[in-house]
Amino acid sequence: MKKLSKILVSLVVTVPLFSLLLSQTGTADTMDKKVPQGTVEVATLAGGCFWCTESDLEKLEGVIDVVSGYSGGSLENPTYKQVSSGKSGHIEVIKVTYDASVVNYEQVLDQFFRHIDPTDDKGSFVDRGPQYRPAIFFHNTDQKMIAQDFMAEIDQAMIFGKPLKTELIAFEKFWPAEGYHQDYYKKSKVRYNYYRYASGRDQYLDKIFGDDRQDNPKTLRQIIDSKKIAQNLKPYSKPSEAEIKSKLSKLQYDVTQNDATERSFNNEYWDNKQQGIYVDVVTGEPLFSSTDKYKSGTGWPSFTKPINEGYVVTTTDYKLLYPRTEVRSRFGDSHLGHVFKDGPAPTGLRYCMNSAAMRFVPVEKLAEEGYEDYLPLFEG
């Protein structure tokens, strides 16, 4: 292990050296590609090592091409050696070409921020110096305003635990990096994976977004909106353990507290056709509405969406051989069921719930039980 640690440290320190040894003369081509019809736009972003940011941004649907390069300095056609020295004034960046009819600028920034450390203006992970600092090179006033507003929302939500220090810089010019840098994660997989692990990038992102972030990804916009909803939610209290045990049947307790699953086609609400809402059997949190219920054929009550997303939270469940997205109530932390991506329009989701985790409140009793805010769902 000591030997491996020395190799890792040596690799991190000497990445620029072995990169230079691999370098070729000349600069990279612009990797022009045929693009689909639609509005083609460009974003220029700096998030540390461009091998990594190129890899991450190319995964976003709607992105046409990503090219590694340099921006921010005055020296014409800078080389990697000049930029990596930190003396040229340039920053390692990526040029992201995307189809704006598929993905918008905020969504590009969302993907970008979720794969960097935007709070460190002294470098990026093991790569230190101003040439690796995070920055957004805006191409027009719209991009600048979108970036400013989005960053303000991220700061307000305190997603990264401390303020963003990502610089906003007016774009002037982009110089593509040397050819061997382009798609480095594809051409040199072993070296790339070795470097990425040793850099600490993914370990940091796991701490911020959870180690299930790749199996159960959430955009910054989803996180921000969820926090806004949660701030305006009516709070519910979870009873004591003794109260829960006395209140629930054995099946209800096993499902909500021990993550059990009831039998399909042999539960209270799988075929319930009454109008009303379904609430957490433990706390009473409003969860789902009959207006979003449909017959899925699974034998469990199924819904296309929650009645209020603020009252449900999701996490990755590894109890089976493959990961599933578990659904729990926010205040009661009751296990409710799972959500799958095989549902009908408009959401394409199937919230497959356990009847034992819920209590049904018919529409005629909503006001009586304090759920009058949901009466408009059933008007007309």
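Strand E6, helix H5 (residues 141-157) and strand E7 make a right-handed β-α-β unit, where right-handed says that, with the strands pointing away from the viewer, the path from the first strand over the helix to the second runs clockwise. The model is predicted, so local features need pLDDT of at least 70 and side-chain atom pairs count only at pLDDT 80 or more, while totals for chains, interfaces and linings use all residues. Residues are numbered from 1 along each chain as its sequence is written, and side-chain values use heavy atoms, with hydrogens and water left out. Helices (H or I, at least four residues) and strands (E, at least two) are DSSP runs, numbered from the N terminus.

**Strand E6 and its partners**

- From E6 (residues 135-138), Ala 135 and Phe 137 point one way and Ile 136 and Phe 138 the other, and all are buried, that is, under 20% relative accessible area with a 1.4 Å probe and protein chains only.
- E6 pairs with strand E1 (residues 40-46) in the antiparallel sense over 3 bridges, pairing being assigned if DSSP finds at least two bridges between two strands; Phe 137 of E6 is the bridge partner of Thr 44.
- E6 and E7 (residues 167-170) run parallel and are joined by 4 bridges, with Phe 138 standing opposite Ala 170 in E7.

**Helix H2**

- Because 8 of the 8 residues of helix H2 (residues 50-57) are buried, this helix is largely enclosed by the rest of the structure; among them are Phe 50, Trp 51, Glu 54 and Asp 56.

**The largest pocket**

- About 1,600 Å³ of space lies in the largest pocket, a pocket being an open set of points on a 1 Å grid over the protein atoms alone, where a 1.4 Å probe fits, with protein on both sides within 12 Å along at least five of seven lines.
- Its lining comprises 47 residues, and Asn 216, Pro 217, Lys 218, Gln 222 and Thr 314 lie nearest the centre; lining residues have an atom within 4 Å of a point.
- Elements that give two or more residues to this lining include H2, helix H7 (189-199) and strand E13 (312-317), while helix H9 gives the most, with 8 residues.
- The lining residues divide into 16 nonpolar, 14 polar and 17 charged, with Asp, Glu, Lys and Arg counted as charged.

**Ala 367**

- Ala 367 is found in the segment after strand E17 (358-362) and counts as partly exposed because its relative accessibility is 46%, between the limits of 20% and 50%.
- Leaving aside neighbours within four places in sequence, Ala 367 is in contact with Glu 372 and Leu 375, contact meaning heavy atoms within 4.5 Å.

Definitions and conventions: Points joined across faces, edges and corners; volume = space filled by probe spheres on them.
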